Amino acid sequence: MPLIHVAGSEKFVFEERASDELCAIASKFVPLHTVDAAAELAIDPLTYEVIRHRLSAITDDMGDALKRMSGSVVVTDCNDFNAAIADEAGDLILVGQYNMQLAASLDMAIKWTLEHRSENPGLRPGDMFFCNDPWIGGGLHQNDASVFAPLFYDGELFAWSGAVCHQVDLGGVSPGSWSVAGTDVFWESTPVPPVKIVENGTLRPDIEDMYLRRSRVPKLIALDLRAKLGANNVAQQRLTQLIDKYGPRVVKAVMKKMMHDAEHRLRSKLRSLPDGTWGAVAHQDGARAGDSNIYKIVLQMTKHGDKLTFDFTGTDAQVEGFVNCTFAGVRGGIMPIILTMLCNDIPWAPGGIYRCVEIISERGTINNCTFPAGIGKASVASAWATQNAVSECVAQMVGTHPQHRKAAMSCCQGTWDLALLAGVDQRGAPFVTMLCDPMAGGLGARVDQDGVDTGGQMPIPMGRIADVEINEFSFPMLYLWRREEMDSGGPGRYRGGLGGSSCFVPHDSPLHGVHLVVSAPGKALPLAPGLAGGYPSATSYDVLMRGTNVQQMLAQGFIPGDLDEIDGRHEVLPSHVETNMAANDVYFTHWQGGGGYGDPLRRDPHEVALDVASFRVSPRAASDVYGVMLKTDGTPDAGATEARRRDLRRDRIGAGAA
Amino acid sequence: MPYVIGVDTGGTFTDGFVADHLGRIASAKSPSTPPEFAVGALNVIDELAKSLGVTTRNFLHDTSYIVHGTTSTLNALVTGDVCKVGFLTTKGHADSISIMNAEGRYAGLDPDQIQNMSRTNKPPPLVPRALVAEINERIDYKGAEIVRLDENEVRAATRHLMSQGVEAIAVSFLWSFRNPTHELRAREIIAEESPSIYIALSSEISPRIREFARSATTIVNTQIAPRLRGYLIPLENELRNRGFEGALLVMQGSGGCVKAREAPRHAVSTLGSVLTGGIVGCTNLGVALGHKNIISTDMGGTTFLVGLVVDGKPVSSTSTVINQYTISTSMVDVHTIGAGGGAIAWIDQGGNLRVGPKSAGARPGPACYGAGGGQPTVTDADLALGIINPDNFLGGRMKLSVELARDALERHVARPLGMKVDDAAAAVYAIQNAQTADLVRKVVVNSGRDPRDFVVFSFGGAGPVHCANYAADLGASGVVVPLGATAAVFSAYGLASSDIVLTVERSQPDNFPPEPARVKQAFAKLDEELKAQLQEQALPFASVAFEREVDMRFTMQLAEVTTPVAPGPIDKDAVANVGKTFEAAYASLYGKDAGFRDAGMQIITYRMRARARLPIHPELPHFEHGDRRVKPKNMRRAFLDVRRGWQDTAVYDYRDLGRDDRLVGPAVVETPTTTVALPEGCTATLDQLGNMVIRYADAI
């Protein structure tokens with residue numbers, strides 16, 4: 001069925017409003033604590049620094065609480081979560097150093113709640129709200145479930161705290177809520193707009209039950225819900241103590257100043273950069289299972305004075321599938337790049353940073369879709385692709401500055417290579433998990449050095465993967481290998497970081513197999529482009545081998561080191577597929593590295609020789625891409641290299657130029 | 001043989017402390033002598049003998065034990081002076097130590113560094129890829145053999161590694177802690193090929209789930225063990241030459257010591273050796289003073305160390321981060337939370353005043369040292385504020401320049417911010433105090449505890465200047481500044497008063513509740529191992545106490561909570577009680593109703609510990625000051641509290657204080673080793689051991 005506009009869905013949209021206007025709406029129903037500009041001027045450097053430090057410590061404590069209390073490997077071992085503090089108007093003062101996409105959308109949900117929930121059911125002390133509706137915010141797809149809480153002081157709404165993490169399953173057609181065959185949101189987990197889940201300090205069982213009922217793993221979801229309540233409790237207690245000590249006027253003034261500080265510093269950095277427009281086009285192959293079309297996101301980024309405009313005009317229309325993202329996804333694609341490449345030395349106060357940014361995006365496009373477009377994979381589909389385009393533009397812009405260029409990276413890991421396993425675990429319990437191994441993606445090359453191999457990914461400064469033993473203990477699987485993959489980093493004068501691969505078989509499940517959902521674009525074309533003449537990283541590559549002899553090989557004392565060594569039917573997987581894996585099936589997933597920087601023909605031949613010796617670059621790539629010829633002892637042959645590079649340059653301009 | 005000696009080798013000084021069975025004590029300090037640290041250790045023993053008025057030979061002859069805190073393993077890692085190691089691991093997993101779970105790019109970095117993402121890197125590889133050999137073998141999560149060990153491959157790999165000149169070999173196979181047979185057999189084969197080479201197995205060094213940390217720990221252990229052996233054996237031989245017949249013991253990071261000859265087997269456990277003395281000192285002094293919950297703060301010139309004592313025991317963690325590698329070893333939790341007195345004050349791009357984390361170090365040090373350090377530091381602010389007496393630094397051994405301090409503050413803080421120098425100094429002082437409180441609070445809260453339940457112990461040269469401020473901010477119930485007999489050599493005192501502590505553990509993930517027989521068997525095996533290790537120490541113990549514990553969590557959690565297992569037989573009820581204890585501990589850490597039993601629970605690790613007490617335990621002498629009422633030696637203007645500003649401040653000499661004196665702030669107490677600041681609202685008294693106890697009327 002084609003995407004038909006759903007009358008009545010207009011309400012569930014985040015409307016950008018000036019904070020004053022929003023406060024005027026909400027303050028009819030709830031008293032808001034505000035301060036005037038004089039309060040901010042009165043703050044001395046000492047008080048500012050002390051309170052700033054404490055607010056940052058409180059955000060850290062929230063993250064620690066989430067991590068300690070959560071029950072999901074995605075959160076505990078892979079850091080797919082975040083926490084934040086916002087002022088009374090929902091402007092973010094601080095975000096943690098975990099998933100920046102998640103924190104970049106929390107303010108939207110808080111602002112929507114201020115506008116639509118202040119009157120009824122009302123905002124009162126001891127309340128907490130739950131939301132997983134990406135059109136409203138608080139996350140990029142329905143699996144990003146957020147809990148946020150107003151903080152009251154002396155009867156006034158003083159600030160907000162919020163925590164969000166990825167939940168492994170919230171229902172929908174496919175396990176893990178990644179419905180690869182879906183055409184619209186009704187195939188997916190039903191989005192929940194902000195509901196009061198904690199009232200007067202008590203968790204409401206009716207609301208909790210309504211939330212848990214949709215999941216295939218409700219106990220795990222209940223445990224994570226408590227983790228988010230706990231994180232908000234920590235924030236509320238600590239913030240109250242802080243206000244007790246310094247008074248509401250001072251603390252609020254510091255919060256405002258933190259945003260102004262970030263804004264002023266970003267504006268001054270922008271002023272130091274040349275005005276101009278930079279463009280990029282990011283692609284995705286396949287919007288759902290069976291679809292092999294290519295979709296584009298077009299970006300023109302203009303820097304003028306101290307302002308940055310992201311114009312997505314020309315981006316493809318929303319599609320039938322599950323890869324669209326809402327406006328939260330556009331912001332989630334922009335904010336992580338601004339933070340890491342432009343605010344690397346500026347406090348991460350998104351409330352101030354957004355004031356320097358304008359977003360032009362047409363509703364109904366693939367990265368600003370309307371209800372009921374499918375968004376199950378939004379965070380790692382159109383939002384991720386948006387981020388790739390933003391990364392390319394911002395890196396080019398900062399690349400023009402003699403100092404700021406050092407913050408630039410070529411595009412990191414062009415796509416998230418999703419492998420989701422579900423079924424019955426070795427203890428007989430049902431399970432669903434997202435394999436987070438691709439969290440060790442290759443980072444993009446830098447202007448003066450290679451990208452970090454298996455170093456993480458752009459939106460999560462503190463990303464992490466689980467040990468093989470933790471995955472094998474938790475889920476019915478046995479790894480044949482997990483390794484860095486040769487030639488997966490984009491070639492360049494500075495090489496992109498390597499991606500890696502995992503290869504495993506089902507092991508010890510009472511069902512003798514597992515259910516597998518795969519979703520990884522970047523198979524038809526590489527998605528992490530290089531910079532300044534650098535090449536893109538390798539494509540994603542996922543293979544399912546059916547009916548193999550791997551069990552016999554193991555019994556005979558031999559662990560295969562490559563797919564070529566295994567007998568069986570070789571299925572190269574398309575971007576999106578859902579299937580079952582039998583006991584003798586082998587799954588191989590190879591995620592992407594980072595893009596290169598600069599022309600590979602200008603790479604120091606000795607560096608190439610080192611890469612070949614350490615299995616990072618193949619001898620063939622050394623010769624064909626880097627133009628470096630090695631002697632039998634592995635050292636570069638200077639004469640042959642010079643000749644080879646001359647030939648390659650000649651090839652580039654075509655035979656006629658010879 | 002009545003003496004017990006503690007020798008603590010620090011970066012700058014080697015400290016010695018001696019006690020005998022009659023309660024006599026003495027202490028000494030001697031410069032450290034890198035890279036030959038043994039020389040400094042022998043020198044300080046000479047000094048101790050001198051202060052007792054005996055010859056070194058007679059002194060050593062009459063010494064039962066020497067407990068040594070050594071920096072040799074940590075130093076080897078920091079300077080990169082480690083052995084060339086070959087590494088054997090399961091086929092398909094050689095890259096585990098370079099993938100580093102992706103966390104290796106940022107582990108151990110501070111938030112400012114992590115934020116600057118494009119400048120982060122992984123550390124150099126622990127073992128170059130060419131010295132890593134993959135072996136066909138495989139055990140699964142249950143300990144079942146999936147692929148048999150290819151013995152020929154182990155043999156060939158050993159020969160190849162030997163030909164590459166490796167000095168030691170580390171072996172870490174997947175799931176070896178569940179079933180070590182492949183690692184054990186690999187060791188036999190390696191030993192056949194090379195009988196004298198040092199070999200470490202991950203199933204012995206770190207028998208825990210999570211292969212990356214286990215492999216990294218085993219490799220680091222293998223890199224430093226031969227160096228530790230090369231340090232301790234000559235030291236012990238030299239002590240024997242000088243007449244020593246007792247036991248040389250080495251402090252471990254876990255807070256207990258082992259016999260020097262046994263130490264290299266688990267070399268990694270000595271990484272925290274030199275950090276631990278202070279916290280053991282706090283624990284034991286706490287026993288003498290009746291304090292069970294202590295925040296130990298050691299603020300020196302270059303570092304600020306924080307540790308915790310809870311219920312009379314040092315809080316330890318099961319892993320630490322060194323060079324961005326996660327190392328699993330039981331270690332007393334000593335956190336370096338930024339800079340000490342040398343922390344530099346600076347202005348960031350936004351025009352905000354910041355203090356630390358960069359430090360001027362010991363050289364050139366603060367501007368006031370006059371050694372060429374032009375940057376203003378916390379110590380410069382302390383001096384400019386009149387808290388430190390320029391003529392009494394280190395008991396007058398070092399002259400400080402107020403002029404240089406003010407000049408640095410003027411140029412780098414006051415002028416850029418348009419402030420007066422006094423105000424700039426006050427801001428630096430207050431920021432240092434507040435952020436110290438924040439960082440200490442983070443350590444306490446992260447361990448799941450409330451700072452208000454603690455007393456702060458403050459030592460190290462720079463600590464007592466700031467402790468009343470940060471302790472009040474934390475809400476701690478009071479401060480103890482150790483000023484008695486242990487003042488200058490507090491860590492060495494800790495060493496001399498320590499116990500032998502041996503720990504064995506096994507990771508055996510079990511869903512809760514496991515069959516009692518399974519639990520019984522796990523502990524029986526650990527008990528056997530532990531008793532064998534005690535036997536090997538060959539020491540006459542006054543007493544030995546055993547403890548059992550398990551690390552538990554709700555199913556699929558990452559964080560485990562260490563849960564004690566009560567003495568007595570293991571039956572169904574005993575197992576059920578362990579679950580109840582865990583749930584109670586969880587609730588006290590994360591709040592009522594935070595736990596979620598419906599998710600299921602798991603035991604991840606079983607652990608046993610033996611705490612063996614040595615026959616001699618140093619008794620600290622009672623304070624012998626008179627009962628006269630003290631008068632200030634003079635008054636000066638000083639700034640002790642940001643809320644009060646400059647005040648007329650009484651200055652006391654610690655040596656003039658009587659046991660009934662009650663000092664009221666604002667006041668400054670100058671001692672031979674440090675300066676204690678008492679802001680208004682504080683009172684200070686001396687306890688029976690001569691330590692200063694600070695209380696405050698109102699929190700800052």
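The model is predicted, so local features need pLDDT of at least 70 and side-chain atom pairs count only at pLDDT 80 or more, while totals for chains, interfaces and linings use all residues. Residues are numbered from 1 along each chain as its sequence is written, and chains are lettered from A, with ligands numbered from 1, in the order in which they are written. Helices (H or I, at least four residues) and strands (E, at least two) are DSSP runs, numbered from the N terminus.

Let us start with strand 5 of chain A. Of the 11 residues in this strand (156-166), 10 are buried, so strand 5 of chain A is largely enclosed by the rest of the structure. Buried here means that 20 or more other C-beta atoms, placed from the backbone, lie within 10 Å of a residue's own; exposed means 12 or fewer, and partly exposed is in between. Strands pair if DSSP finds at least two bridges between them, and the table shows the pairings of strand 5.

| Partner of strand 5 (chain A) | Bridges | Direction |
|---|---|---|
| Strand 1 (residues 81-87), chain A | 7 bridges | antiparallel |
| Strand 4 (residues 144-153), chain A | 10 bridges | antiparallel |

Ala83(A) stands opposite Ala163(A) of strand 5, and Ala149(A) faces Ser161(A) of strand 5 as its opposite residue. The hairpin of strands 4 and 5 of chain A has 2 residues between the strands, and Asp154(A) takes a positive phi near 50 degrees there.

Next come two helices of chain A. The axes (lines fitted to C-alpha atoms over the stretch in contact, with angles from 0 to 180 degrees between N-to-C directions) of helix 1 (residues 19-26) and helix 6 (residues 106-122) come within 8 Å and cross at roughly 30 degrees. That makes helix 1 of chain A roughly parallel to helix 6 of chain A, a term for angles under 35 degrees. Leu22(A), Ile25(A) and Ala26(A) of helix 1 meet Lys111(A), Leu114(A), Glu115(A) and Ser118(A) of helix 6, where contact means C-beta atoms within 7 Å. Helix 6 of chain A also holds Pro121(A), which a cis peptide bond joins to Asn120(A), with omega about 10 degrees.

Finally, two loops deserve a look. His512(A), between strand 15 (500-506) and strand 16 (513-519) of chain A, has a positive phi near 55 degrees. Because His512(A) has 15 C-beta neighbours inside 10 Å, His512(A) counts as partly exposed. Ala102(B) has a positive phi of about 70 degrees, and its 30 C-beta neighbours inside 10 Å make Ala102(B) count as buried.

Note on methods. Parallel < 35°, antiparallel > 145°, perpendicular 65-115°, else oblique. Contact = placed C-beta atoms within 7 Å.
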